[in-house]
Amino acid sequence: MEEQKKLFDKYMTEELVQMVLSNPRSSQAAARIQIRPVQLKGGLVFQASEYKDKKVFHHNLERGEAIRRLTEWMEQYKQLVITHSRGQAHVLVSKKGKVTVKEKDICCVKQVDLSHNRKKQYILQPDRRVDFLVDLGVQTSEGKIIHSRYDKFRQINRFLEFIEDILPQLPRDREIHILDFGCGKSYLTFAIYYYLRELKGLPVAITGLDLKEDVMEHCNQLARKYGYEKLHFYVGNIAQYEGEGQVDMVVTLHACDTATDYALDKAIRWGARVILSVPCCQHELNGQMKNELLEPIFQYGLIRERMAALFTDALRAQILESRGYEVQLLEFIDMEHTPKNILIRAVKGKGSGNEGRYQRVMDFLQVTPTLARLQQEEGKKQG
């Protein structure tokens, strides 16, 4: 008990980002409780938000009261995660009451916003006119986000957050070359260019590639209109495209089925430092998977389809790791907006270099994904 109080006393400051209690021991308790600092006119308080029965109950507590209540709540919950500007703590409580605390330093927690009604901080501000957002139908001419397009606005900003995270991986001593495969109407292509060149002042050259000739012509017209001299769009197929000698970052958003594999294969061959890919329509493995042990599961079409999609992206990640990339599978946007919400983020690094692990999975499922086949063919050429 005394150890917990010392921990709470250490982190219960205005630099706290949040504390989250979860895994309640009783169904009568709130599903989770979130605590964060809030600056009111009367001074600093800690707002506890209890999420119960699809409702949220808020309580503003003085620091001493907040520590006392938190100590009581710890008897009702199995887990507490504390995020602070100076570090993070993970507290686990066993059935017998044994408390395990793991702490680690964090170097990249953003400054805490203590305002009572915190607004979402977007890279592109919702009340600032951006020409390409107007022309692409996301903003009005006055710079207001069109209500029906707010999901698209959130998606663009979410993607720019991923771009922001990988900025240290991009070269600073020369022009940065970026390729967007299957760019479509190019919301994200324009956003990347605007963010990197206009907001960050970085020397970038971006190429967008898609099969729709009229769409690519329209995008080129817009690029010329905005004076985006280093942004160009071309008509082409991902599988046949050979128009780049050096690429620092490859982007693919919802490239359908094996088009994602061809894009990833190109990125690996070019030695791209960064790959950001949101796959779509992973049909290939659905038609290949065979496994006697899993056959009772595979008989359900919906389950088979979803498992195939997950296996496809997991194997893509493993193949990228074997080629020297450090890979993360991240949630792109909320599931309520689209089920195609997995982003593969790969950064050139050490990786695993181990093909055996994913090969065993392929043998188990009796599958040969396109990316594996393309990489095997490339290996034979080089060998």
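In this predicted model, strand 3 (residues 43-52) and strand 4 run antiparallel and are joined by seven bridges. Within strand 4, Asn60 is the residue that stands opposite Gln47.

These strands belong to an open sheet of seven strands, arranged in the order 4-3-2-1-5-6-7 with antiparallel pairing. Which strands form the edges of this sheet? They are strand 4 (55-61) and strand 7 (99-104), each of which pairs on one side only. From one strand to the next, the twist averages 15 degrees.

Two helices are placed against the strands. Helix 1 (residues 2-11) lies across strand 1 (16-24), strand 5 (77-84), strand 6 (87-93) and strand 7, and its angle to strand 7 is about 30 degrees. Helix 2 (residues 63-73) packs on the sheet and touches strand 1, strand 2 (32-40), strand 3, strand 4 and strand 5. The direction of helix 2 makes about 135 degrees with that of strand 4. The table sets out the two angles.

| Helix | Reference strand | Angle |
|---|---|---|
| Helix 1 (residues 2-11) | Strand 7 | about 30 degrees |
| Helix 2 (residues 63-73) | Strand 4 | about 135 degrees |

Two further residues illustrate how accessibility is classified. Thr189 is located in helix 5 (residues 187-199). Is Thr189 buried or exposed? Thr189 counts as buried because its relative accessibility is 1%, and the limit for this class is under 20%. Neighbours within four places in sequence being set aside, the residues in contact with Thr189 are Asp180, Cys183, Ile206, Leu231 and Phe233.

Ile303 is part of helix 9 (residues 301-322). Its relative accessible area is 38%, so Ile303 is described as partly exposed; that class lies between the limits of 20% and 50%. Together with Ile297 and Tyr300, Ile303 forms a nonpolar patch on the surface. The accessible area of these three residues together is about 270 Å².

The remaining values describe the protein chain as a whole. Its secondary structure consists of eleven helices and 14 strands. The C-alpha trace spans about 65 × 60 × 40 Å along its principal axes. The protein chain has 383 residues, of which 46% count as buried. Its accessible surface is about 20400 Å², and 48% of this surface belongs to carbon and sulfur atoms. Among contacts with a separation of 6 or more, 66% are accounted for by residues 24 or more positions apart.

Terms used
Residues are numbered from 1 along each chain as its sequence is written. This is a predicted model: local features need pLDDT of at least 70, side-chain atom pairs count only at pLDDT 80 or more; totals for chains, interfaces and linings use all residues. Side-chain values use heavy atoms; hydrogens and water are left out. Patches are made of residues with over 30% relative accessible area and no salt bridge: like charges are joined within 9 Å, nonpolar side chains (Val, Leu, Ile, Met, Phe, Trp, Tyr) within 5 Å. Accessible areas come from the Shrake-Rupley method with a 1.4 Å probe; for residues, only the protein chains shown count as cover. A salt bridge is a side-chain nitrogen of Lys or Arg within 4 Å of a carboxyl oxygen of Asp or Glu. Helices (H or I, at least four residues) and strands (E, at least two) are DSSP runs, numbered from the N terminus. Buried means under 20% relative accessible area, exposed over 50%, partly exposed in between (1.4 Å probe, protein chains only). Two strands pair if DSSP finds at least two bridges between them. Axes are lines fitted to C-alpha atoms, for helices over the stretch in contact, and angles run from 0 to 180 degrees between N-to-C directions. Contact means heavy atoms within 4.5 Å.
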